[in-house]
Amino acid sequence: MADKEASGSDGPRETAPTSAYSSPARSLGDTGITPLSPSHIVNDTDSNVSEQQSFLVVVAIDFGTTSSGYAYSFTKEPECIHVMRRWEGGDPGVSNQKTPTTILLTPERKFHSFGYAARDFYHDLDPNEAKQWLYLEKFKMKLHTTGDLTMDTDLTAANGKKVKALEIFAYALQYFKEQALKELSDQAGSEFENSDVRWVITVPAIWKQPAKQFMRQAAYQAGLASPENSEQLIIALEPEAASIYCRKLRLHQMIELSSKAAVNGYSGSDTVGAGFTQAKEHIRRNRQSRTFLVENVIGEIWSELEEGDKYLVVDSGGGTVDLTVHQIRLPEGHLKELYKATGGPYGSLGVDYEFEKLLCKIFGEDFIEQFKIKRPAAWVDLMIAFESRKRAAAPDRTNPLNITLPFSFIDYYKKFRGHSVEHALRKSNVDFVKWSSQGMLRMSPDAMNALFKPTIDSIIEHLRDLFQKPEVSTVKFLFLVGGFAEAPLLQQAVQAAFGDKCRIIIPQDVGLTILKGAVLFGLDPAVIKVRRSPLTYGVGVLNRYVEGKHPPEKLLVKDGTRWCTDVFDKFISADQSVALGELVKRSYTPAKPSQLVIVINIYSSEHDDVSFITDPGVKKCGTLRLDLTGTSGTAVPARREIQTLMQFGDTEIKATAIDIATSKSVKVGIDFLNY
């Protein structure tokens with residue numbers, strides 16, 4: 001099947017071949033391997049047991065696009081989940097169990113502050129001084145949108161200066177680490193060490209592998225864990241975490257939006273409106289509490305699910321919407337991922353973009369661009385004002401929403417254009433936005449709803465496509481979670497489109513669902529049993545050349561043997577179900593008995609019909625170099641066996657090669673950032 005050789009790091013750096021004939025294998029010559037045995041899969045579950053470390057506490061960090069937070073639970077009392085302390089400087093009209101994902105660096109590029117503190121400090125700086133400081137917000141989306149993410153990818157601060165993404169992510173994680181350890185130490189009355197903590201960081205399921213690896217590297221740089229002690233950190237997928245939490249929900253902890261049959265005597269048809277009101281009331285009450293009891297039971301909804309039942313988790317956050325379909329496997333109620341995570345950049349940020357487009361339409365794109373650069377702190381203020389009004393948008397709203405324009409906006413506009421903001425509004429033919437004499441933009445509810453429309457339409461359309469899939473058509477429940485799920489407009493749209501297909505459930509404290517689920521995941525990582533592999537993995541090998549079957553340009557003659565080079569020998573295919581901890585083994589033998597070293601190159605592809613490592617879309621993502629010298633005089637068998645194992649873990653994949661004759665072995669983690 002597909003590839004062959006294993007170029008060492010001393011070999012030339014492999015890039016996409018320039019012509020069909022340039023084969024990475026050619027220049028290498030002497031390190032190739034050839035398959036020895038048919039492949040087999042071993043479910044090796046015992047080997048992990050010995051590594052179980054004992055941690056005193058699990059801390060989960062929900063590193064969101066717009067807001068972030070952490071929660072924790074002591075392993076001795078797993079039914080109590082504590083959400084972090086309240087943050088100083090919350091905004092009016094916005095519940096602050098989480099803090100904005102904003103970070104401020106000094107002009108010398110040293111970490112200064114995070115969250116509300118960063119935002120408020122930046123805002124209070126003199127405008128000329130502010131230009132020297134580096135302020136970043138909503139930077140997590142960069143990991144989703146960058147096609148060729150590396151350790152050197154840059155982010156752009158509000159003042160236009162560039163900084164390394166890895167540093168920013170590491171600073172942010174380090175900040176959470178320090179906050180959490182401080183809070184734990186205060187609670188326990190004694191110093192809490194990092195080694196007592198198992199960390200869980202959540203990432204969107206639709207992120208590609210490089211982005212997930214990037215998050216782990218940033219966490220290592222922040223000192224949460226180390227490559228040698230990688231088990232201390234779990235990268236959890238956001239919808240999986242939400243799913244784990246939804247299993248525990250009791251009826252009084254959720255709002256059902258669908259008009260389907262009554263659940264255990266609770267009728268969902270007490271009008272959807274009542275559901276929303278009840279939801280708001282719950283959210284208001286819950287804001288005060290920081291400790292949540294998760295009863296160690298399976299919730300009522302869950303107890304209605306039977307073996308093989310499917311449900312959909314729609315995780316709508318600030319940046320992305322993630323859709324995952326899970327199936328129940330009894331008796332333990334383990335989750336099996338049925339359908340590879342899909343979704344896209346349809347988070348609540350889309351609503352902010354629409355607002356920005358509206359401002360450009362009224363005041364001119366040239367002005368808005370200039371204003372952002374010249375008055376960055378005032379721009380941030382304007383977006384904060386918009387954020388709190390955005391949360392007041394609702395399907396049944398009739399009165400207008402007022403958005404305060406910062407004084408410097410009004411002032412700078414007059415300097416820039418020579419006429420007033422009021423004049424601009426009159427002149428622009430945007431009739432649903434008016435100027436109020438108190439210095440506010442007055443938006444009609446329709447105008448606000450129009451800003452939500454493109455994003456919500458994308459989400460509904462994506463869900464419609466998903467419901468067309470045979471695996472998804474029989475879904476019983478749809479759980480709507482994530483920060484954007486708090487938006488009544490989104491709730492209503494999902495209800496209207498799918499209320500007749502399945503039951504739609506919203507956990508009460510919907511913005512904290514993922515955080516709490518991530519804590520539960522850290523307490524019992526084995527709850528997710530089967531995932532779908534997002535990629536096809538294999539290694540490059542040489543096969544005996546077969547006339548007529550193999551393309552002539554792949555023929556390589558070595559010591560009189562005719563080899564087909566660049567063959568992609570598949571370990572696992574994209575979309576194949578993989579149990580966590582599953583080992584796939586293959587045996588190879590050096591192509592030439594006299595070889596002193598073999599290099600096994602590992603490749604990945606998004607397609608599953610791969611034959612050669614030179615096929616389009618095949619990327620190298622790991623190298624195993626095994627030294628074959630030093631057999632200490634013992635006779636080496638003529639066909640020396642090199643066993644290669646791949647273990648599919650949470651979001652990491654580990655590969656090992658063992659020389660059976662000498663028991664020498666090398667290990668490598670699959671690496672998507674450095675090739």
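Author: A nonpolar core is a set of buried Ala, Val, Leu, Ile, Met, Phe, Trp, Tyr and Cys residues joined through side-chain atoms within 4.5 Å. The structure discussed here is a predicted model.

Reader: Which residues touch the most other members of the largest nonpolar core?

Author: They are Phe-169, Leu-312 and Phe-363, in a core of 143 residues. Helix 4 (residues 165-188) gives the most to this core, with 13 residues. Apart from it lies another core, of 29 residues, which includes Tyr-537, Cys-564, Ile-600 and Leu-628.

Reader: What does Phe-363 touch, beyond residues up to four places away in sequence?

Author: Phe-363 touches Ile-368, Phe-409, Tyr-413, Arg-417, Val-421, Ala-424 and Leu-441. Phe-363 also belongs to a cluster linked by ring pairs, together with Phe-367, Phe-371, Phe-409, Tyr-412, Tyr-413 and Phe-416.

Reader: What makes the aromatic pair of Phe-63 and Phe-169 stacked?

Author: Rings pair if their centres lie within 6.5 Å, and planes under 30 degrees apart count as stacked. For Phe-63 and Phe-169 the values are 5.3 Å centre to centre and 15° between the planes, and the pair is stacked. Both residues are buried. The structure holds 31 aromatic pairs.

Reader: Why is the pair of Phe-63 and Phe-169 said to tie together parts of the chain?

Author: Phe-63 lies in the loop between strand 3 and strand 4, whereas Phe-169 lies in helix 4, so the pair joins parts that are 106 residues apart in sequence.

Reader: Why is the pair of Phe-121 and Trp-133 called tilted?

Author: The angle between the planes is 50°. Because planes under 30 degrees apart count as stacked and those over 60 as edge-to-face, the rest are tilted. The centres of Phe-121 and Trp-133 are 5.2 Å apart. Phe-121 belongs to helix 1 (residues 116-124), and Trp-133 to the loop between helix 2 (127-130) and strand 9 (134-137), twelve residues apart.

Reader: Are Phe-121 and Trp-133 buried or partly exposed?

Author: Buried means under 20% relative accessible area, exposed over 50%, and partly exposed in between. Phe-121 has a relative accessible area of 33%, so Phe-121 is partly exposed. Trp-133 has 9% and is therefore buried.

Reader: What makes strand 4 (residues 67-74) mostly covered?

Author: Seven of the eight residues in strand 4 are buried.

Reader: How do you know that strand 4 pairs with strand 3 (residues 57-62), strand 5 (residues 80-83) and strand 6 (residues 99-100)?

Author: Two strands pair if at least two bridges are found between them. Strand 3 and strand 4 share six bridges in the antiparallel sense, with Val-57 opposite Phe-74. Strand 4 and strand 5 are antiparallel over two bridges, and Val-83 is the bridge partner of Ala-71. Strand 4 and strand 6 also have two bridges in the antiparallel sense, where Ser-67 stands opposite Pro-100. Strands 3 and 4 form a hairpin with four residues between them, and another hairpin joins strand 4 to strand 5 through five residues.

Reader: How do you know that the span of helix 14 (residues 445-468) agrees with its 24 residues?

Author: At 1.5 Å a residue, helix 14 should span 34 Å, and because its end C-alpha atoms are 33 Å apart, the two values agree.

Reader: Where does the kink in helix 14 lie?

Author: The kink, of about 40°, lies at Lys-453, shortly before the proline Pro-454. Among the buried residues of helix 14 are Leu-451, Phe-452, Thr-455 and Ile-456.

Methods
Residues are numbered from 1 along each chain as its sequence is written. This is a predicted model: local features need pLDDT of at least 70, side-chain atom pairs count only at pLDDT 80 or more; totals for chains, interfaces and linings use all residues. Side-chain values use heavy atoms; hydrogens and water are left out. Buried means under 20% relative accessible area, exposed over 50%, partly exposed in between (1.4 Å probe, protein chains only). Contact means heavy atoms within 4.5 Å. The expected span of a helix is 1.5 Å times one less than its number of residues. The bend at a residue is the angle between axes fitted to the seven residues ending there and the seven starting there. Rings of Phe, Tyr and Trp (its six-membered ring) pair if their centres lie within 6.5 Å; planes under 30 degrees apart count as stacked, over 60 as edge-to-face and the rest as tilted.
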